[in-house]
Amino acid sequence: MLFAEEVRPLLLHEDRPVRDAAADYLHSSWCQDTSLAPMILRACHQYGINENIHGLMACSRFVLTEESLDGVLQMLADVDDDETAWRLHRILIHIPVDVLLRRESALLATPNLPDEVMIRINRREDLSNWPGSKLWQELQEFANRSEEEKYVGKIDHAHADDLIEALGRHDEPAAAAICELLRSFGEDGGWLEIFLVDLVGQRRLSEAIPLLVDRLRIDTDYLRERVMEALGRIGDPEAVRLIRETFPSEPRHVKSYASGVIGRIKHPDVEEAILELLEIEEDPGIRTILCMKLCDIFSERGIEVVRRQIHSGYDRMIVCLEDHLLIVAHVLGVALSEADTWRAEREERERQRAERQAEMAELGRQYAALKARGIDPFAKSAENPKPLLKQESPPEKIAPVRLDQPRVGRNAPCPCGSGKKFKKCCAHEPP
């Protein structure tokens, strides 16, 4: 497998899928190398911003220096599309607070910063002056105020994130006290439990690893997502050892999240654990995820294992293993007899995806043009009973289609190939 210092140069690789894989590797492991953001900005200048979307998204988790911040601000001044500006704004929200304080004047002089960005910047600056005791009190009170809300989108997570980020620079509460609190929660510790999991990740508290691994068994998606991120941020192979011990006897939903943890920790034990688990795991979906994780760490030992899985069959609703294996083989210089065929198939999928995106963009332009003329293209009236942007006849009713394949898990990669989780792409979140 490759390690961060070996993956870092791939951020400037000429092949976009390789650059994307490198950015995802470093992003998932919360790599703190200050050279990463400048390399991604350089790749944007060299290959184009649209060819480095994964890298820009990863930058929100990387450490920015003052020089890197200047590069982001310059890029923001040069771009003219809202989507790229939004990604750059996400980077500004997460810059280190010491850089924020030193470069406040440059940030405030940046034109057209959205209110939400200015609120986050001002709040983080303010919270940096709070003592740890006050931050901890506010986090507990915020958790209490939020207890009636059960859905993720119903509370102000930005406020909680800023409190946790500021509290992470203090020793209050002490690590032992955090662990004791986590032990005290039952099946549903509420928002305070989730915030404490984030705080454990922020401080990289290895002593809390067993408590986090235990929470992978609690059937609450958002909590388990936060546990995965916290364990990846800590990066201690002890989590891999604990997962490996109980993995064979765990139910499928636990194995799915546990595999996600393994893929975030970049350590030699990870490669060994995945190869060992693949020898005993029978579930096609879990085998698919484990094979994907071998590719994610650029495992040379895993190339033939994944290749055999492709030919014996795997769950294509989760991921396209051929695409992942092509990247690994290309980076490691391993020749695959199927490479030309797989590459042609990938290019065809990308062509079809580009066509769909162009169609959606054209519909967006039509919609904007009609709105500019004061016409609501989706309004219904006696003169215009149908929406202007939908001229086709209603489809005939057809019998329901039943698939033999298992449904896509909410946290599995979206089958459309976007690289996002299914629930954040083609699925629908709860209201």
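Leaving aside its neighbours within four places in sequence, which residues is lysine 293 in contact with? They are Ser259, Gly260, Gly263 and Ile274, where contact means heavy atoms within 4.5 Å. This is a predicted model, in which local features need pLDDT of at least 70, side-chain atom pairs count only at pLDDT 80 or more, and totals for chains, interfaces and linings use all residues. Residues are numbered from 1 along each chain as its sequence is written, and side-chain values use heavy atoms, with hydrogens and water left out.

**Overall make-up**

- The secondary structure comes to 22 helices and zero strands; helices (H or I, at least four residues) and strands (E, at least two) are DSSP runs, numbered from the N terminus.
- Of the 431 residues of the protein, 47% count as buried; buried means under 20% relative accessible area, exposed over 50%, and partly exposed in between, with a 1.4 Å probe and protein chains only.
- Among contacts between residues at least 6 apart in sequence, 67% join residues at least 24 apart.

**Helices 18 and 19**

- Lysine 293 belongs to helix 19 (residues 284–296) and counts as buried because its relative accessibility is 13%.
- In helix 18 (residues 268–280), the buried residues are Val270, Glu271, Ala273, Ile274, Leu275, Leu277 and Leu278.
- Their cover includes helix 16 (238–246), helix 17 (252–264), helix 19 and helix 20 (302–312).
- An α-helix has 3.6 residues a turn, so residues three or four places apart point the same way.
- Glutamate 276 is also found in helix 18, and counts as partly exposed because its relative accessibility is 34%.

**Helix 11**

- Helix 11 (residues 157–167) is mostly covered, with nine of its 11 residues buried.
- Those buried are His157, His159, Ala160, Asp162, Leu163, Ile164, Glu165, Ala166 and Leu167.
- Covering them are elements including helix 7 (97–102), helix 9 (115–127), helix 10 (132–145), helix 13 (190–203) and helix 15 (221–234).
- Aspartate 156 caps the N-terminal end of helix 11, placing a side-chain oxygen 3.3 Å from the backbone nitrogen of alanine 158.

**Cavities**

- How many cavities of 30 Å³ or more does a search of the whole structure find? It finds two.
- On a 1 Å grid over the protein atoms alone, a cavity is a set of points where a 1.4 Å probe fits but cannot get out, and lining residues have an atom within 4 Å of a point.
- Grid points are joined across faces, edges and corners, and a volume is the space filled by probe spheres set on the points.
- The largest cavity holds about 70 Å³ of space and is lined by Val213, Leu216, Arg217, Ile243, Thr246, Phe247, Glu250, Val254, Lys255 and Ala258.
- Helix 17 gives the most to this lining, with three residues; by class the lining has six nonpolar, one polar and three charged residues.
- For these classes, Ala, Val, Leu, Ile, Met, Phe, Trp, Tyr, Cys and Pro count as nonpolar, Asp, Glu, Lys and Arg as charged, and the others, Gly among them, as polar.
- The second largest cavity holds about 40 Å³ of space, and its lining is Leu11, Arg19, Asp20, Ala23, Ile40, Ala43, Asn52 and Gly55.
- Helix 2 (16–28) gives the most to the lining of the second largest cavity, with three residues.

**Cysteines**

- The structure holds zero disulfides, a disulfide being a pair of cysteine sulfur atoms within 2.5 Å.
- Cysteine 59 is in no disulfide, and the nearest cysteine sulfur, that of cysteine 44, is 7.3 Å away.
- Cysteine 59 counts as buried because its relative accessibility is 1%.

**Backbone geometry**

- Most residues other than glycine have a negative phi, and most peptide bonds are trans.
- The peptide bond from glutamate 172 to proline 173 is cis, with omega near -5 degrees; proline 173 lies in the loop between helix 11 and helix 12 (175–184).
- Asparagine 112 has a positive phi, near 65 degrees, and sits in the loop between helix 8 (104–108) and helix 9.
- Arginine 204 has a positive phi of about 55 degrees, in the loop between helix 13 and helix 14 (209–214).

Conventions:
On a 1 Å grid over the protein atoms alone, a cavity is a set of points where a 1.4 Å probe fits but cannot get out, and a pocket is an open set with protein on both sides within 12 Å along at least five of seven lines; lining residues have an atom within 4 Å of a point. A polar contact is a pair of N or O atoms within 3.5 Å; within protein, one must be able to donate a hydrogen and the other to accept it, and residues adjacent in sequence count only if both atoms are side-chain atoms.
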